[in-house]
Amino acid sequence: MVQAVPARPKKKQQARRPTPVDPALRARARAILRRLVPAYPDWGPTLEFSNPFELLVATILAAQAQDERINEVTRTLFRKYRTPADYASAPKGVLERDIKATGFFNMKAKALRAMSAGLLERFGGEVPGDMESLVGLHGVGRKTASIVLGAAFGVPAVAVDRHVARVADRLGLSRADPRGIEESLRALYPKKDWIKATWCFVLHGRRICRPTPMCPVCPVNDLCPYPKKTKALPAPRTPRSRPRRAASGRSG
Ligand code: SF4
């Protein structure tokens, strides 16, 4: 009889050293957030959801799509698909058709099926409320996990999408990869402000500090190292000039 080999204990993930923070940078970062909060009183998630699972689904769908479009799709989708089992067992071609309007629907359908199967196999169909478990699910990275933790569970988290990355870079708060930016912002702000900072940066990146920034009307112009980055203010958006598909959605 072959003796069972005891499973090797998993290597503990090495804790990253906390980033040393320059007090002047921290003071400026906090002044920026104090300014952004009243400038964006509507900060918070714009994806519609009524439970953590719906938010997880919506956030996966929101990749490379605008939140408004995702909400249009999920209003119908969430009536038809209510549980992870509904997605995991959806016949090939049907789920794809139901989410087609979100773009990249083959890839997204595959991610939804695999994520739902993971929830059923490992978590009894419930969305876990911790980072490690969430990122273990197929198609769920730290950004998606942070959005779900913050918006559905109220767990402090910093989500770094392309807007947050752009704003953090231009404001000179962090010039790293998404994981590095997440760590920098976590070090610059108290935990209680992580969710608020995420959404204020997202909205600032969407509305003012866009790829072509609107520095003359920026609420943190005097706190920014690049207050004159705008060469010319972009033309106001009109239905005719608006691109059919935005570069990124909220959840990014
Ligand atoms: S001043 Fe310009 S570059 Fe700086 S944060 Fe504002 S919009 Fe962005």
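Which residues are the closest to the ligand? In this predicted model, they are Cys209, Pro213, Cys215, Cys218 and Cys224, within a set of 14 residues that surround the ligand. The protein has 11 helices and zero strands.

**Overall architecture**
- The order of elements along the sequence is α-α-α-α-α-α-α-α-α-α-α.
- The protein comprises 252 residues, of which 37% count as buried.
- Among contacts in the protein with a separation of 6 or more, 62% come from residues 24 or more positions apart.

**Ligand shell**
- By class, the shell around the ligand consists of 11 nonpolar residues, one polar residue and two charged residues.

**Helix 9**
- Helix 9 spans residues 162-170.
- Its buried residues are His163, Val164, Ala165, Val167, Ala168 and Arg170.
- These buried positions pack against two elements, helix 10 (178-188) and helix 11 (194-207).
- Just after helix 9, glycine 172 adopts a positive phi of about 70 degrees.

**Helix 10**
- Ile181, Glu182, Ser184, Leu185 and Leu188 are the buried residues of helix 10.
- Because these residues cover an arc of only 165 degrees around the axis, they lie on the same side of helix 10.
- In general, an α-helix has 3.6 residues a turn, so residues three or four places apart point the same way.
- The cover over the buried residues of helix 10 includes helix 1 (23-39), helix 8 (142-153), helix 9 and helix 11.

**Contact between helix 9 and helix 10**
- The axes of helix 9 and helix 10 come within 11 Å of each other and cross at roughly 65 degrees.
- The crossing of helix 9 past helix 10 is left-handed.
- On the helix 9 side, Val164, Ala165 and Ala168 form the contact, and in helix 10 they meet Pro178, Ile181 and Leu185.
- The contact of helix 9 with helix 10 contains six nonpolar residues, with no polar and no charged ones.
- Val164, Ala165 and Ala168 are also among the buried residues of helix 9, while Ile181 and Leu185 are among the buried residues of helix 10.

Note on methods: Residues are numbered from 1 along each chain as its sequence is written. This is a predicted model: local features need pLDDT of at least 70, side-chain atom pairs count only at pLDDT 80 or more; totals for chains, interfaces and linings use all residues. Helices (H or I, at least four residues) and strands (E, at least two) are DSSP runs, numbered from the N terminus. A residue is buried if 20 or more other C-beta atoms lie within 10 Å of its own, exposed if 12 or fewer, and partly exposed in between; C-beta atoms are placed from the backbone. Two residues are in contact if their C-beta atoms, placed from the backbone, lie within 7 Å. A residue is near a molecule or strand if its C-beta atom, placed from the backbone, lies within 6 Å of it. Ala, Val, Leu, Ile, Met, Phe, Trp, Tyr, Cys and Pro count as nonpolar, Asp, Glu, Lys and Arg as charged, and the others, Gly among them, as polar. The arc is that of the directions from the helix axis to the C-beta atoms. Axes are lines fitted to C-alpha atoms, for helices over the stretch in contact, and angles run from 0 to 180 degrees between N-to-C directions. A crossing is left-handed if the near helix is turned anticlockwise from the far one by less than a right angle, and right-handed if clockwise.
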